[in-house]
Amino acid sequence: MQANIDLLTLLRNNQQDVRAIIEKCHNIEYFNSLITCAKKNKLLPSTISILISAESGLRNDNIKKLYQENNEKCKKGVHNQLQTMESIRDIYPQDKVVWIKGMPLSILIYNDPHLRRIGDIDLLVDSSFQKDFANELVNLGYKKLGIVNKDIGLRFTVNYHEIQLKSPSLCLLELKVISGEMNAVNSNNIITDFFAHTMDIEIGGQNYRTLDITYTLLHLFLSAFSNSTTCFNMSDNGLRDVYEIALFTKKYEIDYNKLYEAADLYGICFIILGIMHKTNKIFGLTFEENIISIFNNQINKPHMVAKLYNYFSQYYAIDYIEELFSEDIKSKAYYNAICDAYYNSDITFNDNCLSPEILDYKLIYSHKLLTLDLYINSKYYFDDSESTCIIKFLSSNKKMHDTYGHFFVLAIKLKSGTAKVLLNSESADKNMQVLNIDIQPEVVKVVEGKLHITVDFEPIFLDPNNNKICYNVQLEIQNQNDDKNGFTMTELIPAKSTFPMFYTDYLDNMIEK
């Protein structure tokens, strides 16, 4: 925990505090824990930059060695990305492709392409041009990894459609019709709006299109929301996004009335307000009351996801900074927000998120068992490269939550006609006990060319006064070497609502008294 607190202290960049932490970095065990925390929060380049900027940091052997290693790695990553973008710059119309996040954001915030973690290249692409653009890149030697969420799928904070390709220099390109962060935006014209708010940015001597100042900040707020609330990675707390919001708003003169107009139009003022309060809590007074008050006056109907953030922020207020790094506290907040949203918001039925690799599914309820019955493409069972079917549950039953915890994760490893079932205790708390986990033939078998997976869970005890229960259910199929079959990961949310939940009415004889 001390490394977490010291990371925040570094980010606040008080020189006296920085020098004190540098002294502690002579202890290799402490230094490693600090760096591990920085990596976990995607803030390693920024952390190293702050440490090395102090004169005493240059004299610290541990810091100097890490700086040299990371500097070479960053230079190589930047070089490869620039080489990739320069090689394709002339094959797409400038008005149909926008380079978002990544290197443009690093330059806008830090004036340096090396000070933000090098990941993939995110390109927002006009939907009418996406497939042709991908095919053109394949003709140039790019390797198509496939389509993620072929039919725009629904996830708690991510609703996206992208084609992934690997460049000859091994950079990953993601051609996005919509970014995951934009899922919270309540607008049918979202892509048109974002394309209308762009500007030129010079990177490596060439001009590229990126989002303008207002929409870059808007996207940062959406990113902070998405990473703060996702249950797919409980350790992600949106710290990097909040840090970059603080830096961005100090560097640029923001037209907050213009930002409000967009936020109100999209129904996300709740999100902006919540992230502003979070930023102030962590980094001091970044947003003064006169700015915050602008976003208290929402006229247009909020998006359902924005409503959910309003619920979530009530339970994840970060009264103590230690809470920012507590996966347990975040999971409780997530659980409570899901329940509030379910019982207090209108439910919209939505079952349009089936991956083509998920052939069929159903949940079967009885007074004794909850059974998940799932059929997937059998290629994952027979393929020599290992695949993993991951099943994640969140129950709205408070008694189950109090007794067993908040989340349950089951992983089924598939390879060469064999299956192994594992409980994943590292990424989630257990809130249901799998009954047939040791009976492999009952869990996985091939039926008429389809892979049939059946998992039975113990009874779910309900409050007698409550005849409804909802589940947040996520299923993923992961295969890192699945290039030839069309994708690296497919996600299924068998959703029955705006938020991915199963829910059912229980008959009286199904309720445990």
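Predicted model: local features only at pLDDT ≥ 70, side-chain atom pairs only at ≥ 80, totals over all residues.

Guide: Tyr92, Phe129 and Phe133 together make up one aromatic cluster. A pair of aromatic rings is described by two quantities, the distance of the centres and the angle of the planes.

Consider Tyr215 and Tyr266. Their ring centres are 6.5 Å apart and their planes stand at 80°. Planes over 60 degrees apart count as edge-to-face, so the pair of Tyr215 and Tyr266 is edge-to-face. Tyr215 belongs to helix H10, which covers residues 213-229, whereas Tyr266 is found in the loop between helix H12 (256-265) and helix H13 (269-283). The pair therefore ties together parts that are 51 residues apart in sequence. Both partners are buried: Tyr215 has a relative accessible area of 4%, and Tyr266 has a relative accessibility of 0%.

Helix H10 also contributes Phe221 to a pair with Phe287. In this case the ring centres lie 6.1 Å apart and the planes are at 40°, so the pair is classed as tilted. Phe287 is situated in the loop between H13 and helix H14 (289-292), and the pair links distant parts of the chain, 66 residues apart. Phe221 is buried, with a relative accessible area of 0%, and Phe287 is likewise buried at 0% relative accessibility.

Aromatic rings may also be examined together with charged groups. The charged end of Arg89 sits over the ring of Tyr208, at 5.8 Å from the centre of that ring. Lys450 lies over the face of Tyr375, where the distance to the ring centre is 5.9 Å.

The rings may now be placed in the setting of the chain. The secondary structure comprises 19 helices and 17 strands. Of the 513 residues in the chain, 57% count as buried. Among contacts with a separation of 6 or more, 69% are between residues 24 or more positions apart.

The packing of helices can be followed in one example. Helix H1 (residues 2-12) and helix H4 (residues 44-53) have axes that come within 10 Å and cross at roughly 65°. H1 and H4 are therefore roughly perpendicular to each other, and their crossing is left-handed. On the side of H1, the contact is made by Leu7, Leu10 and Leu11; on the side of H4, Thr47, Ile50 and Leu51 take part.

Most residues other than glycine have a negative phi. Lys101, however, has a phi near 55°, a positive value. Lys101 lies in the loop between strand E1 (97-100) and helix H7 (102-110), and at 22% relative accessibility this residue counts as partly exposed. Leu170 also has a positive phi, near 70°. Leu170 is placed in the loop between strand E4 (161-166) and strand E5 (172-178). With a relative accessibility of 67%, Leu170 counts as exposed.

Key
Residues numbered from 1 in each chain as written. Heavy atoms only, no water. Phe/Tyr/Trp six-rings, centres within 6.5 Å; stacked < 30°, edge-to-face > 60°. Helix = DSSP H or I, 4+ residues; strand = E, 2+ residues; numbered from the N terminus. Buried < 20%, exposed > 50% of the residue type's maximum accessible area, 1.4 Å probe, protein only. Lys NZ or Arg CZ within 6 Å of the ring centre and 35° of its normal. Axes fitted to C-alpha atoms, helices over the stretch in contact; angles between N-to-C directions. Parallel < 35°, antiparallel > 145°, perpendicular 65-115°, else oblique. Left-handed = near helix turned anticlockwise from the far one by under 90°. Contact = heavy atoms within 4.5 Å.
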